[in-house]
Amino acid sequence: DADDKVQQYHTMIETEVHNAEKIINDLLDFGRGVVADREQVSIPELVQSVLIRFPAPPSVEVALKLPADLPKVFADPRQMEQVLGNLTTNACQAMANGGKLTITAHLQKEFVVIAVNDTGTGITPENMQKLFEPLFTTKAKGIGLGLAVSKKFAEANNGRIEVESEPGKGSTFTVTLPIQNK
């Protein structure tokens with residue numbers, strides 16, 4: 001029953017509480033030892049869940065290339081959702097004026113390789129060196145923990161995360177995860 005001004009303030013407070021919660025959770029995740037609660041995880045289901053939780057803006061076209069016969073990975077689904085959520089959010093932010101987000105996956109020996117590709121601004125060679133360092137950010141509102149936490153989670157799940165980028169052409173982050181418990 002509040003007037004427009006009160007509703008506007010309520011929305012601003014809600015947004016800032018959500019931002020503060022993300023910062024606190026990222027700090028906690030980065031600061032503590034990471035233990036992965038690993039299980040068999042379907043990549044197509046995981047990607048769908050990520051896109052529901054972290055939807056792309058209308059200006060970003062989303063393309064998925066996820067084979068139906070892709071084996072499940074052995075990973076912590078909560079951690080992998082956060083990793084892919086960070087990567088898709090970053091990709092969308094790199095395409096502020098629109099673009100294309102492509103998520104693909106394929107089998108490579110005993111691993112599934114998931115690629116998150118954007119047609120955004122790309123990453124300069126100087127920044128490529130620092131990407132996974134804690135507290136490094138190029139964003140005005142970022143604190144620089146998303147990729148550091150993502151790397152920690154990938155490694156805790158016996159996987160890895162890598163990046164290729166070209167300024168002005170976009171970036172591709174790949175997450176490689178095992179299909180079996182090793």
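Buried means under 20% relative accessible area, exposed over 50%, and partly exposed in between (1.4 Å probe, protein chains only). The model is predicted, so local features need pLDDT of at least 70 and side-chain atom pairs pLDDT 80 or more, while totals for chains, interfaces and linings use all residues. Residues are numbered from 1 along each chain as its sequence is written, and side-chain values use heavy atoms, without hydrogens and water.

**View A. Arginine 53 and glutamate 81 form a salt bridge.** A salt bridge is a side-chain nitrogen of Lys or Arg within 4 Å of a carboxyl oxygen of Asp or Glu. Here the closest N and O atoms are 3.0 Å apart. Arginine 53 belongs to helix 2 and glutamate 81 to helix 3, so the pair ties together parts 28 residues apart in sequence. Glutamate 81 counts as buried because its relative accessibility is 15%, whereas arginine 53, at 52%, is exposed. Helices are DSSP runs (H or I, at least four residues), numbered from the N terminus.

View B. Lysine 151 is partly exposed at 31% relative accessible area, and glutamate 155 is partly exposed at 44%.

**View C. Glutamate 162 and arginine 160 meet in a salt bridge.** The N to O distance is 3.6 Å. Glutamate 162 has a relative accessible area of 39% and is partly exposed; arginine 160, at 38%, is also partly exposed.

Key:
Helices (H or I, at least four residues) and strands (E, at least two) are DSSP runs, numbered from the N terminus.
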